[in-house]
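Thanks, everyone. I have one structure to go through today, in two parts. Let me put it on the screen.

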Amino acid sequence: MPLPNLIIAGAPKCGTSSLFQWIADHPDAEGSLVKETCYFADPESHVFDPATNFSTGGVAGYGRFFPAANPRAKVRLEATPTYIYARTALQHLPEISTRPRFVFLLREPSRQILSTYRYYSNNWTYLKAGVAFADFLEMAERRDPALASNELLQDAIANARYVESLAHWRDRVGPDRMRVVLLEDLQERRAEAMADLAAWLGLDPRFYADYGFPRENETYRVRSHALQAANVRLRGLLARTPLYKPVRALYRRMNTDKAPAPLDDRDRAALSELLQSFADANDRLAREFGLDLAPWREQAAA
């Protein structure tokens, strides 16, 4: 039974969709049928699927996401960002027969929280339309019940203290089976960073010398929230049909804008304060995982 030997495990809105595609496009790699299987999600997570999960299907059910169209693939992978926080994934994924390695993709915490806020206030309906970023932060600080339907919103601030989750994974799998990658590195030196990661995975790094690096799952801003609510209801029905991609493309031309809504003075002040609040957690992250967080410090200084 084919199973993955690489898991991209977070964090949300840190470029996991793009990284998944960049690795899956390598001729010696193969991605899962869907990028996020969510198979090892915790039962209380908003991505948990009662019909398809480890607690009901075991390892055999997981194998159905990996058809092995390329039986010679050196790397077989999936990418579910919420695994970085999931107890079920931490307990069971390291023990599957392929003994997978784990890539944890991170981003400067305040920007990751801002992107998560923008994603869920535009792409989905978990956050009431019109809630300002500063107000969302206050809601997250007190774990407001209005955010309870999505743990990534309710726990947004705690989740961005990455070192705490990564320490659990290091204790579970050891440092040799995990790699921490910064989104900022992938943005600023894509070919070099991907060649380095490919070498760690045993893939030929020369593939990335002239690779195009397509961007996936970009956050967009909706023009009509009523039309977006209808879109959320319909896309689940169309997701596995040939209509999904053309309908999605039409919808995005009609009702979305890639330019994010601007932050007002209060939101910018809240973002600046949030950025500074992670200084201690980021220092610990850099020490314990040998990371150069200079791009994050530069944002703080600015």
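Helix H4 supplies 3 residues to the lining of the largest cavity, and that is the largest share. Bear in mind that this is a predicted model. H4 covers residues 109–122, and it is listed with helix H7, residues 156–159, as the elements that give two or more residues to this lining.

How many cavities of 30 Å³ or more does a search of the whole structure find? The search returns 1. The volume of the largest cavity comes to about 50 Å³. Around it you will find Pro12, Tyr85, Gln112, Ile113, Thr116, Leu152, Ala156 and Asn159. Sorted by class, that lining has 5 nonpolar residues, 3 polar ones and no charged ones.

Helix H8 runs over residues 162–173 and helix H14 over residues 279–289. Two packed helices are described by the angle between their axes and the distance between those axes. For H8 and H14, the angle is about 30° and the axes lie 9 Å apart. Angles under 35 degrees count as roughly parallel, so that is the description for H8 and H14.

Which residues meet in this pair? From H8, they are Tyr162, Val163, Glu164, Leu166, Ala167 and Arg170. On the H14 side they are Ala281, Arg284, Leu285, Glu288 and Phe289. By class, the contact of H8 with H14 has 7 nonpolar and 4 charged residues, with no polar ones.

To put the two sites next to each other: the cavity lining has no charged residues, while the contact of H8 with H14 has no polar residues. That's it from me.

Terms used:
Residues are numbered from 1 along each chain as its sequence is written. This is a predicted model: local features need pLDDT of at least 70, side-chain atom pairs count only at pLDDT 80 or more; totals for chains, interfaces and linings use all residues. Side-chain values use heavy atoms; hydrogens and water are left out. Axes are lines fitted to C-alpha atoms, for helices over the stretch in contact, and angles run from 0 to 180 degrees between N-to-C directions. Helices (H or I, at least four residues) and strands (E, at least two) are DSSP runs, numbered from the N terminus. Angles under 35 degrees count as roughly parallel, over 145 as roughly antiparallel, 65 to 115 as roughly perpendicular and the rest as oblique. Contact means heavy atoms within 4.5 Å. Ala, Val, Leu, Ile, Met, Phe, Trp, Tyr, Cys and Pro count as nonpolar, Asp, Glu, Lys and Arg as charged, and the others, Gly among them, as polar. On a 1 Å grid over the protein atoms alone, a cavity is a set of points where a 1.4 Å probe fits but cannot get out, and a pocket is an open set with protein on both sides within 12 Å along at least five of seven lines; lining residues have an atom within 4 Å of a point. Grid points are joined across faces, edges and corners, and a volume is the space filled by probe spheres set on the points.
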